[in-house]
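I am opening a notebook on this structure. The entries below record what I looked up, in the order I looked.

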Amino acid sequence: MDLRQLRYFVAVAERGGFGAAASALNVAQSALSRHIKLLEHELGGALLERGARGVSVTESGRVLLDRGRWLLGAVDDIRAEVQLENREPSGTVRLGAPSSLAHIFYTPLARRFAERFPRVQLELSEGLTEEMTDRLLRGEVDIAILSGPQPNDHLTYQTLVVEQVFLIGPPGDPLLGKGPLSRPEIAHLPAAVLPLSASTRDAFPPGVKSRLRVESMASLKQMVAVGLGYGLLPYSGIHKEVADGTLAAARLSWLRGERVLALPRGRPVTRATRETVAALEVICRQLIADGKILVAPPQRRRQSTG
């Protein structure tokens with residue numbers, strides 16, 4: 001039994017005859033009759049009683065008619081839902097990111113989805129890269145923007161952007177007014193404010209002391225601004241403060257921050273999640289064009305002397 005045979009049977013039963021059903025379905029009456037006979041043969045008994053005034057359903061035909069109506073209605077609902085999904089995604093997308101990335105991506109993402117995909121609900125959370133990696137693996141988020149994550153066989157990574165990293169300090173700091181700094185020039189900094197995330201924890205030279213480790217980027221910037229130590233952040237995290245003159249910054253040409261989109265390997269990806277990935281890529285390009293993200297130049301390959 002297939003859906004076509006079931007639809008043919010319901011049409012004949014509801015219209016009380018093969019002629020009317022064939023006309024409604026736009027099929028030959030002989031073809032309709034043949035399919036009903038095949039269905040009766042498969043189910044082991046008559047489903048319709050033929051008479052001079054048309055047809056009526058048997059007891060077993062009544063069972064099939066009731067179940068068939070429900071099943072065909074469900075199929076039509078599924079078809080309509082899938083077609084609507086193809087036209088406009090729906091459902092929930094759970095996105096996680098460190099606060100340093102959430103503050104520049106989340107608002108434009110929410111605005112874009114409100115305008116283009118109003119049937120999608122966004123759940124936006126913040127946390128360290130290590131925390132978001134664990135949440136991805138536990139199925140608590142669908143996608144995450146991560147900073148320099150460790151390789152993981154259970155996740156797929158797609159590079160979003162590689163940012164230039166800056167040394168930051170209080171406004172008017174003479175060291176930061178010199179322009180791009182070299183490694184030796186930051187080897188003897190008096191103190192540093194470090195993030196809890198392992199991705200940049202070891203970026204300072206080993207001789208630079210730190211008694212402050214913070215999770216929040218906002219707290220890190222506030223501590224740096226009052227002279228409690230130097231910090232490291234990409235330009236996307238400090239562009240507003242640099243423009244306002246509340247922080248000073250100098251580029252560290254050798255230090256780069258890779259931002260990646262991470263998804264669980266082997267887990268089905270919904271249309272809404274795919275649209276989220278595409279939107280994040282568009283937003284990233286716009287942030288670069290607006291000067292809020294500074295892309296690190298490609299690293300030079302060392303030439304072989306052999």
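Over which residues does pLDDT stay under 50? I found that stretch at residues 302–306. For residues 302–306 the model has zero contacts beyond four places in sequence, a contact being heavy atoms within 4.5 Å. pLDDT is the predictor's confidence in each residue, from 0 to 100.

**Ground rules.** I note that this is a predicted model, where local features need pLDDT of at least 70, side-chain atom pairs count only at pLDDT 80 or more, and totals for chains, interfaces and linings use all residues. Residues are numbered from 1 along each chain as its sequence is written, and side-chain values use heavy atoms, with hydrogens and water left out.

**Confidence.** I read an average pLDDT of 87 for the protein, with 94% of the residues scoring at least 70. Confidence is lowest in helix α4 (residues 59–87), at a mean of 81, and highest in strand β4 (residues 120–126), at 95. Helices (H or I, at least four residues) and strands (E, at least two) are DSSP runs, numbered from the N terminus.

**Helix α1.** Asp2 caps the N-terminal end of α1, with a side-chain oxygen 3.2 Å from the backbone nitrogen of Arg4. Buried residues in α1 include Leu6, Phe9 and Val12; buried means under 20% relative accessible area, exposed over 50%, partly exposed in between (1.4 Å probe, protein chains only). After α1 comes Gly16, with a positive phi near 75°.

**Asn26.** I found Asn26 in the loop between α2 (18–25) and α3 (29–43). Its phi is positive, near 60°, though Asn26 is not a glycine. Most residues other than glycine have a negative phi. Is Asn26 buried or exposed? Asn26 is exposed, at a relative accessible area of 71%.

**The sheet.** I traced six strands in an open, mixed sheet, ordered β4-β3-β5-β10-β6-β9; two strands pair if DSSP finds at least two bridges between them. β4 and β9 (231–234) are at the edges with a single partner strand each, so one side of each has no neighbour in the sheet. Inside the sheet, β3 (residues 91–97) and β5 (residues 143–147) run parallel, joined by two bridges. Leu95 stands opposite Ile143 in β5.

Technical notes
A polar contact is a pair of N or O atoms within 3.5 Å; within protein, one must be able to donate a hydrogen and the other to accept it, and residues adjacent in sequence count only if both atoms are side-chain atoms.
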